[in-house]
Each structure stands twice: as C-alpha cells, then as structure tokens.
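Open the model in your viewer and keep the selection tool handy. We will go from stop to stop, and at each one I will tell you what to select and what is there.

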Amino acid sequence: VQLQASGGGLVQAGDSLRLSCAASGGTFSSYTMGWFRQAPGEERAFVAGITWSGDSYRDSVKGRFTISRDNARNMVSLQMNSLKPEDTAVYYCAAGRSLGIPRNPGMYDYWGQGTQVTVSS
C-alpha cells in the first residue's frame, strides 16, 4: 500500500485545514487508517483513526478534528478546525491491519510521507 498525504500549510490560530491521504494498492477498505503527528523533538503521536465501524481521537483534538474515509476513492481525510499553535507538527497518514484502532504507531504497516502543519499564534 502506498500512501500520499497532502493539505498541510501555514495558518493562524483558529483557522481550519483539511488533510487528505490517497492510498493505492491493497484493499483499502480492510485497513484501519490513522493520522499521527510528530513535532520537533517529540515522538510520533496518535491523532485520530478510523475503521469501518468507528473512529477514535486523542483527547486534545476531540471536538475540533474529524477523520473520515471514502472507500470508493481510497482516501482518508482529517478535517482540522479551531487549530492551535500546539497542533503544529508533521502529520502522517498510516494504514494497518490490526483489529480496532491502535494508538501505537508500531501497529501500523504503511506510512505516507508526511505533510507539515504550522499554526501561528
């Protein structure tokens, strides 16, 4: 599975961004899809994930971020509203075959190249 993330950019606090991840190869609908982020000097951290049966979010983005998937187009998106400076990071999409929605990045098998999101105060 190849993943291509896009949609990052430089925005001000309170603005919105929509990240997209296009997948090719494999059976997209069978994968758990996740978004992770990594700020400088920090470990890669779970942001949101989605399966056919539901979704999950880290506490700090609940109510502001929404993950969605389009199995017909092999795409997963992350709508980010009310962005804060602490959301600044490189965002990665990932695909995995584990049950449920793992928060451990080691449980995902495929990764996109990352897209930078910078939120200024």
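## Stop 1: a strand in the middle

Select strand 4 and strand 9: they pair in the antiparallel sense over 7 bridges. Strands here are DSSP runs of E with at least two residues, numbered from the N terminus, and two strands pair if DSSP finds at least two bridges between them.

A word on the ground rules before moving on. This is a predicted model, in which local features need pLDDT of at least 70 and side-chain atom pairs count only at pLDDT 80 or more, while totals for chains, interfaces and linings use all residues. Residues are numbered from 1 along each chain as its sequence is written, and side-chain values use heavy atoms, with hydrogens and water left out.

Click on Trp35 and look both ways: its bridge partner in strand 9 is Cys93, and its bridge partner in strand 5 is Ala48. The hairpin of strand 4 and strand 5 has 6 residues between the strands, and there Gly41 takes a positive phi near 80°.

Is strand 4 enclosed or open? Of its 7 residues, 6 are buried, so strand 4 is largely enclosed by the rest of the structure. Buried means under 20% relative accessible area, exposed means over 50%, and partly exposed is in between (1.4 Å probe, protein chains only).

## Stop 2: the disulfide

Next, select Cys21 and Cys93. They are joined by a disulfide, with 2.1 Å from S to S; the term stands for a pair of cysteine sulfur atoms within 2.5 Å. A search of the whole structure finds 1 disulfide. Its link is right-handed, with 60° about the S-S bond. Because Cys21 sits in strand 3 and Cys93 in strand 9, the pair ties together parts that are 72 residues apart in sequence. Cys21 is buried, at 0% relative accessible area, and Cys93 also counts as buried, at 0%.

## Stop 3

Zoom in on strand 1 and strand 3, which pair over 5 bridges in the antiparallel sense. Leu3 stands opposite Ala23 in strand 3.

## Stop 3: the nonpolar core

Which residues touch the most other members of the largest nonpolar core? Select Trp35, Leu78, Met80 and Tyr91, out of 30 residues in that core. A nonpolar core is a set of buried Ala, Val, Leu, Ile, Met, Phe, Trp, Tyr and Cys residues joined through side-chain atoms within 4.5 Å. Elements giving two or more residues to this core include strand 1 (2–6), strand 4 (32–38) and strand 9 (89–96).

Stay with Tyr91, which lies in strand 9 and is buried at 0% relative accessible area. Tyr91 and Trp35 are 56 residues apart in sequence, yet 6.8 Å apart in space, C-alpha to C-alpha. The Tyr91 side chain makes a polar contact with the side chain of Arg37 (2.9 Å), and also reaches the backbone oxygen of Asp87 at 2.6 Å. A polar contact is a pair of N or O atoms within 3.5 Å; within protein, one must be able to donate a hydrogen and the other to accept it, and residues adjacent in sequence count only if both atoms are side-chain atoms.

## Stop 4: Arg64

Move to Arg64, in the loop between strand 6 (55–57) and strand 7. Is Arg64 buried or exposed? At 10% relative accessibility, Arg64 counts as buried. Its side chain makes a polar contact with that of Asp87 (2.8 Å), and one of its polar atoms lies 2.9 Å from the backbone oxygen of Ser82.

## Last stop: Ala13

Finish at Ala13, in the loop between strand 2 (9–12) and strand 3. Ala13 counts as partly exposed, at 40% relative accessibility. Now pick Gly96 as well: the C-alpha atoms of Ala13 and Gly96 are separated by 32 Å.

Terms used: Helix = DSSP H or I, 4+ residues; strand = E, 2+ residues; numbered from the N terminus.
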